[in-house]
Amino acid sequence: MPTSPRPSAVRMWLAMAVIYVIWGSTYFGIAVAIQTIPPFLMAAARFLVAGLALLAWDLVRCPAARRWPSRRELLDSAIVGALLLAVGNGFVALGERTVPSGIAAILIGMMPVWFAILGWLYFRDRPRRIVALGIVIGFAGVAALVWPVGAGANHFDPFGLVILLLAPLGWAHGSLYAARRAHLPARPMIASGIQMVAASVLLLGEGLLIGEPSRFDPSRISVDSLVAVAYLAVFGSMLAYTTYGWLLRHAPLSLVGTYAYVNPVVAVALGTLFLGESISLRTVLASAVILGAVAMIVTARGRERRPDAVTTEPVGSRARVMPSR
């Protein structure tokens, strides 16, 4: 099977810089957006705008994109959008109502831990000892971070913490379903656009369920919140996701996975500098333990070349699981 030439190292690192900075800054953007817009309604607006823009762009520039997706493709796109965006991203916005954005980013940075656990549970992908050790250390760091001892920077809202621990579970399930089971449209922008539009509908339903419209006063929306939503839609949802998809096709997984422990650093820095989020010594130490554990897992899994390891490669209308070589 012919392979495309690998892009230059400079191009890959520029793409990684986009992921580092933009995805790291989305936690700050969410915190600003939800100051005057309810979390689920904000996320619904963000993904509706981004999804419709992606669909319109691809339909206009490429006639081949105008093929109507099959019923299975629409259903699977909706499922992936529900897990990745309505749960994964929507719960982050909800959790950030009561938990600082930097802490939220650190908890979401545990994503590689959840991937390792779910891969073991669902696909019998037994982790190596170094990965298992990283999982244990990661959860120890989370326990040290959220344990309700002390006050101020050491005390976080329990409900917000639970929501932020559930968010990466939704993202991990959605990613595994997309890679292993889903039949998705062949064109990435069409698939992403459908996922975002479907997620916006579900996010609106989540907002209605918890009564957000009754507490929402559109006249009180600030300019800062509107700018933040625009930033999240254009840069966070359109540019960064497109770049991430390109990196998955061209860059080593060990490099791509580094976003999991760089994004929290960016988020903590922005939250501290611009939102006045306080940081205690215990928070710093626990965060270092969590990020160290994530680095162990990402590095170890990036070096795995076992015969049963798999990568996903888009073929036709679905992602086919293929043995790595």
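Modeller: What follows goes from the cavities to the nonpolar cores and then to the salt bridges.

The model is a predicted one. Rolling a probe the size of a water molecule over the atoms shows where empty space is left. Here the search gives two cavities of 30 Å³ or more.

The lining of the largest cavity is made of 20 residues. Nearest its centre lie Trp23, Tyr27, Asn89, Ile108 and Trp171. Five helices each supply at least two residues of this lining: H1 (9–33), H3 (71–95), H4 (101–108), H7 (158–180) and H12 (259–274). By class, the lining of the largest cavity has 14 nonpolar residues, five polar and one charged.

The second largest cavity is lined by Ile30, Met42, Ala43, Arg46, Phe47, Asn89 and Ala93. Two or more of its lining residues come from each of helix H2 (39–61) and H3. H2 gives the most, with four residues. Sorted by class, this lining holds five nonpolar residues, one polar and one charged.

Some of these names come up again in the packing. In soluble globular proteins, nonpolar side chains tend to be buried together. The largest nonpolar core in this model has 80 residues. Trp23, Met42, Leu85 and Leu247 have the most contacts inside that core, and H1 gives the most residues to it, eleven. Trp23 lies among the residues nearest the centre of the largest cavity, and Met42 is in the lining of the second largest cavity. Leaving out residues up to four places away in sequence, Trp23 touches Val18, Gly236, Ala240, Tyr241, Tyr244, Tyr259 and Asn263.

Ala191 can be looked at next. Ala191 is found in helix H8 (residues 188–209). With a relative accessible area of 7%, Ala191 counts as buried because that value is under 20%. Its contacts, leaving aside neighbours within four places in sequence, are Ser77, Leu184 and Pro185. Ala191 and Leu54 are 137 residues apart in sequence, and their C-alpha atoms are 9.4 Å apart in space.

The last topic is charge. Side chains of opposite charge can pair when their charged atoms come close. The whole structure has four salt bridges. One of them joins the side chains of Arg187 and Asp58, at 2.7 Å from N to O. This pair links distant parts of the chain, with Arg187 in the loop between H7 and H8 and Asp58 in helix H2, 129 residues apart. Arg187 is partly exposed at 26% relative accessibility, whereas Asp58 is buried at 1%. Asp58, Arg61 and Arg187 are linked in a network of salt bridges.

Another salt bridge joins Glu73 and Arg67, at 3.3 Å from N to O. Glu73 is buried, with a relative accessible area of 3%, while Arg67 is partly exposed at 48%. Arg72 and Asp76 also form a salt bridge, at 2.7 Å from N to O. Both of these residues lie in helix H3, four residues apart, which is about one turn of the helix. Arg72 is partly exposed at 39% relative accessibility, and Asp76 is buried at 1%.

Key:
Residues numbered from 1 in each chain as written. Predicted model: local features only at pLDDT ≥ 70, side-chain atom pairs only at ≥ 80, totals over all residues. Heavy atoms only, no water. 1 Å grid on protein atoms, 1.4 Å probe; cavity = no way out; pocket = protein on both sides within 12 Å on 5 of 7 lines; lining within 4 Å. Points joined across faces, edges and corners; volume = space filled by probe spheres on them. Nonpolar A, V, L, I, M, F, W, Y, C, P; charged D, E, K, R; others polar. Core = buried A, V, L, I, M, F, W, Y, C linked by side-chain atoms within 4.5 Å. Buried < 20%, exposed > 50% of the residue type's maximum accessible area, 1.4 Å probe, protein only. Contact = heavy atoms within 4.5 Å.
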